[in-house]
Amino acid sequence: MTERYDVLVVGAGPAGLAAAGTAAAHGARVGLLDAQPRAGGQVWRHDVRKPAPRAAREAIAALHGVNLLAQHSVIASEDGALRVETPEGSALLTYGALVLATGARELLLPFPGWTLPGVSGAGGLQALTKQGWPVAGKRVVIAGSGPLLLAAAATLRAHGAKVVGIHEQASPDSVHAFARQLLHWPARAAQALSLRARLMGVPYRFGSIVRHAHGEDAVRVVEIEDAHGTACVDCDLLAVGYGLVPNVELAQLLGCALDHAPTHPHVQVDELLRTSVPAVFAAGEACGIGGLAAARIEGAIAGHMASGHADEARVLLPERDRARRFGALLARHFAPGSRVHALATPQTLICRCEDVTLGALDGYADARDAKLATRCGMGACQGRICGTALAELGRFPRGAGRPPLFPARLATLAGLATSPSDDASRSTT
Ligand SMILES: Cc1cc2nc3c(=O)[nH]c(=O)nc-3n(C[C@H](O)[C@H](O)[C@H](O)COP(=O)(O)OP(=O)(O)OC[C@H]3O[C@@H](n4cnc5c(N)ncnc54)[C@H](O)[C@@H]3O)c2cc1C
C-alpha cells in the first residue's frame, strides 16, 4: 500500500501533535504516525490510573482531519518515501513535506549489576508503571540525573511504590544553582514545587551515585556513594537514568546533517526548523533536549513551515528561543560527571543484547571496528543503548545507523503485506 500526504509527521508526542494540528489547520492533508498505540509521546504517555493532562487532551482534540496512524513504525526510507511497519503489514508513505518529531530516549550508563532483573531506566520504569506494571508495595531506589528522576518518583509513588530515595549525581552546588535559576521560570518552579510536595518524606540526595547493584536472581541491595562514604540500601527495584539523548536515527537515514556538540548528536536545523534536506523539518527533542514547552512551540513552527506559512512560524520564534534556554540550563547543571563515567569496570557488560563487556572493546579504533569484531551494537536495540553509552564514556562517537531502524517482520522488509500474527518472522540486522 502506498499513500501520499501533503505533510507527514513522524512522532505523536507534544511536538508532533502540534505540528500535525497546525499543518491541518492550514488545510493540508496530514498524516501523523507513531510506533506507540496511543498519541502523547513520552511525557503524555497514557497512565492507566488517571486521565491525560488537559494540554494533551487539547492537542489530540485539535487534530481535525489528521490521519492518526498508531502502531506505525518507520523502519527505513526509500527514494523519498518512508517504509512503515503497520499492525496489518507494511506501507510506503510519501509526502510533500516531512516533519521529524522523533523525540528522545533515556541515557543509560553501565555499572556493575545494571543488567540484573529489577534494574531499569528511571523514565523506563515510569513508562512501565503508567502502562500498568505492578509496583505497589515495592521498595524502589531512583538514581541518575535531572528532573526526570522526580517525575518518575512521583509516578511510582502515585502507583503505590515505596520510593526509598532519589539519588542525583549532580553536586549540591550545581542543583542549588539550578534551583535559583528557576526563579526566572515561574511555570517550571511551580512544577518543581508540586513534584517535591508529592514526594514529601522521600530523601533527595545530591552528589550521590549508585556504584553497584547486588543480587542473585534480581536486584536486592544497591551500593550508594556520596560525600559521606558508601552505604548499602535494600530494594526491590532500581531505576537509573542519566538524562535524555535525541533520537536522530531516522534523520540520519534521510541524510539530514547532525550537530555533534557537545556529546550526543541532534538534528541540525536553521531558525525555522529546516533540516539540511529540502522539505524535511525537525522539531522537539530530536533537535536537542529542550523539554515540553520547547517541543510544543517547535511543533507549531514546523507545522506552519511544512504547510508553507513562514510568516506565522516567525511570530513564534521569541517564544521558542526562551523555551530552548531552559534546555541549555538543564544541560549545564545536570551533565553526568566523571565519577559516573568511571563506574563500569572491564568486566561490566556494555552491550547487553550481544553480551559484550567494556574490556572486550579495548584496542578498537572506532565503533564500526568494534562492532565487526565483537558484535557490540548489532542486537535488537541497534546500538541505541550501548553506542550512546560508549559515546558518553568518551570511547567512540556513535556510529551511523542503518535500516531497519527497529526490529521488523521479514515481509515488511520485502515490502509485502502480511498478517499481524506473523510475528515469528521478526528480524534485525
Ligand atoms: C522515558 C521518558 C520519560 C519522560 N517523562 C517525562 C515526564 O514525566 N515529564 C516531563 O516533563 N518530561 C518527560 N520526558 C521528556 C519528554 O520527552 C519531553 O519533554 C517531551 O515529551 C518531548 O516531546 P517530543 O514530541 O519532542 O518527543 P516525544 O514525546 O519523545 O515523542 C516522540 C514520539 O516519536 C515516536 N517515534 C520515534 N521514532 C519513531 C519511528 N521511527 N517510527 C514511529 N514513531 C517514532 C515515539 O514513539 C514517540 O511517541 C520524558 C522522556 C523520556 C525519554
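A polar contact here is a pair of N or O atoms within 3.5 Å; within protein, one must be able to donate a hydrogen and the other to accept it, and residues adjacent in sequence count only if both atoms are side-chain atoms.

## Basis

This is a predicted model, in which local features need pLDDT of at least 70 and side-chain atom pairs count only at pLDDT 80 or more, while totals for chains, interfaces and linings use all residues. Residues are numbered from 1 along each chain as its sequence is written, and side-chain values use heavy atoms, with hydrogens and water left out.

## Ligand site

An oxygen atom of the ligand lies 3.3 Å from a polar backbone atom of proline 14. Nitrogen atoms of the ligand are 3.1 Å from a backbone N or O atom of alanine 35 and 3.0 Å from one of valine 74. The ligand taken alone exposes 970 Å², of which the protein buries 90% (Shrake-Rupley method, 1.4 Å probe).

Around the ligand there are 30 residues (a heavy atom within 4 Å). Ala15, Asp34, Gln42, Gln126 and Glu285 come nearest.

## Domains

An automatic or database assignment gives domain 1 (2-105 + 245-332), domain 2 (108-242) and domain 3 (344-392).

## Interface of domain 1 and domain 3

The C-alpha centres of domain 1 and domain 3 are 30 Å apart. Five residues from domain 1 and four residues from domain 3 make the contact (heavy atoms within 4.5 Å). Between them the two domains bury about 420 Å², 55% of it on carbon and sulfur atoms (accessible area lost on being put together, 1.4 Å probe, summed over both).

On the domain 1 side, Arg105, Thr263 and His264 lose the most area to domain 3, together 78% of what that side buries. Three residue pairs are in polar contact between domain 1 and domain 3 (both at pLDDT 80 or more).
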